Amino acid sequence: MGKVVLVTGVARQLGGRFVRRIQRDPEVDRVVAVDAVEPEHHLGGADFVRADIRQPTIARLLAEHSVDTVVHMDVTGTPLTSGSRTTVKETNVIGTMQLLGACQKSPTVERLVVKSSTNVYGSAPRDPAVFTETTTPKSLPSGGFAKDTVEVEGYVRGFARRRPDVAVCMLRFANILGPGADTPLAAYFSLPVLPTVLGYDPRLQFVHEDDVIDVLRIASHEPERGTLNSGTFNIAGDGVLLLSQCARRLGRPTVPLLMPAISWVGSALRTVGMTDFSPEQLRLLTHGRVVETNQMRETLGYRPKFSTAEAFADFARSRGPGLLPPEALAGAVDRIAALPALGGGHLPTQSAD
């Protein structure tokens with residue numbers, strides 16, 4: 001028999017895409033797709049099983065299908081349909097505990113891949129310019145999805161110690177963007193006007209959803225010659241963008257607010273369901289976050305197809321034009337920069353991009 005892969009979180013677009021992609025690999029014999037919600041998208045020839053990973057029944061699934069590879073994608077920051085933040089947290093934390101407990105007892109599981117996030121590093125004013133996989137955060141996340149990922153990673157490390165025979169790969173993805181992105185940051189960038197923190201212009205990194213699928217696929221197979229796909233890896237596109245650059249490329253005006261005011265705006269946006277403007281997202285939009293990806297290139301052997309700027313450009317095209325046409329905005333900024341400054345000098349010319 002070929003490889004039997006179990007994938008969690010398949011009701012989301014990203015999970016569905018991965019299920020369809022992994023089926024095309026010749027060494028994969030069967031794919032078992034698991035979620036508590038019936039997916040609205042097609043899963044190809046995968047065997048869909050409606051199951052809640054928070055329940056012990058997940059152990060029965062591993063045994064029934066003789067699963068040897070588990071790809072855990074049900075660690076997310078946003079609820080599906082009418083779900084609540086409490087449900088998301090339970091799925092992230094309790095669901096991961098149940099899944100790892102089932103994997104620990106399973107004699108057939110040989111490989112575990114976990115979709116994590118660079119949120120584990122937090123966002124604080126004293127953070128280093130660039131995080132590596134071994135950097136200790138200055139301030140651990142205190143709540144929300146970021147705290148969930150910290151707890152999930154702790155459980156995964158414990159599992160790796162108890163089952164050293166299982167190859168464990170933890171993938172810390174930067175903010176995922178693309179035409180189908182449904183992350184809290186994608187919802188923020190879709191607002192007609194972007195509230196920002198007065199006096200701050202954070203550096204941001206993105207990874208395209210196509211690269212996410214490719215990296216998950218690499219991690220779920222035996223490593224190619226000269227590479228190693230066990231361990232923890234930061235996954236992000238090359239380069240960084242400032243929040244102000246993102247706003248200009250979207251053609252969306254920004255409204256700089258003092259921290260108390262933006263916290264109030266965030267609460268109002270959460271109340272009406274426009275976006276999950278959580279405290280952790282506020283910290284990201286204040287201090288930013290950048291990670292090093294040398295291990296992704298040198299050890300995992302993966303080079304992203306999309307840079308940070310290219311991933312954002314593809315996302316921006318899918319969202320349509322903003323209130324301010326980017327080309328006109330860029331021209332206006334260039335014209336302002338070229339105006340004579342007081343005293344007869346000239347301001348340095350800079351592009352809006």
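Predicted model: local features only at pLDDT ≥ 70, side-chain atom pairs only at ≥ 80, totals over all residues.
Residues are numbered from 1 along each chain as its sequence is written, and side-chain values use heavy atoms, with hydrogens and water left out.

Helices (DSSP runs of H or I, at least four residues) and strands (runs of E, at least two) are numbered from the N terminus. Helix H7 (residues 243–250) packs against helix H11 (residues 308–319) at an angle of about 35°, their axes lying 10 Å apart; the axes are lines fitted to C-alpha atoms, for helices over the stretch in contact, and the angles run from 0 to 180 degrees between N-to-C directions. Cys-246, Arg-249 and Leu-250 of H7 make the contact with Ala-309, Phe-312, Phe-315 and Ala-316 of H11, contact meaning heavy atoms within 4.5 Å. Divided by class, the contact of H7 with H11 has 6 nonpolar, no polar and 1 charged residues, where Ala, Val, Leu, Ile, Met, Phe, Trp, Tyr, Cys and Pro count as nonpolar, Asp, Glu, Lys and Arg as charged, and the others, Gly among them, as polar.

A right-handed crossing is also found where H2 passes H3. H2 and helix H3 (residues 85–105) pack with their axes 8 Å apart, at an angle of about 40°, which makes H2 oblique to H3; angles under 35 degrees count as roughly parallel, over 145 as roughly antiparallel, 65 to 115 as roughly perpendicular and the rest as oblique. From H2, Ile-58, Ala-59 and Leu-62 meet Gln-98, Leu-99, Ala-102 and Cys-103 in H3, and the residues of this contact comprise 6 nonpolar, 1 polar and no charged.

The structure holds 17 salt bridges, each defined as a side-chain nitrogen of Lys or Arg within 4 Å of a carboxyl oxygen of Asp or Glu. One of them joins Glu-64 and Arg-60, at 3.0 Å from N to O; these two residues are 4 residues apart in helix H2 (residues 57–64) and are therefore separated by about one helical turn. Glu-64 is partly exposed at a relative accessible area of 48%, as is Arg-60 at 45%, where buried means under 20% relative accessible area, exposed over 50% and partly exposed in between (1.4 Å probe, protein chains only). In the loop between H2 and strand E4 (69–72), Ser-66 has a positive phi of about 50° although it is not a glycine. Most residues other than glycine have a negative phi.

Asp-210 forms a salt bridge with Arg-17, with the closest N and O atoms 2.7 Å apart. This pair links distant parts of the chain, as Asp-210 lies in helix H6 (residues 209–219) and Arg-17 in helix H1 (residues 13–22), 193 residues apart. Both are partly exposed, Asp-210 at 25% relative accessibility and Arg-17 at 28%, and a network of salt bridges links Arg-17, Glu-209 and Asp-210. H6 itself is mostly covered, 8 of its 11 residues being buried, among them Glu-209, Val-212 and Leu-216. A further salt bridge pairs Arg-21 with Asp-25, the closest N and O atoms being 2.8 Å apart, and Asp-25 is buried, with a relative accessible area of 3%.

Notes: Left-handed = near helix turned anticlockwise from the far one by under 90°.
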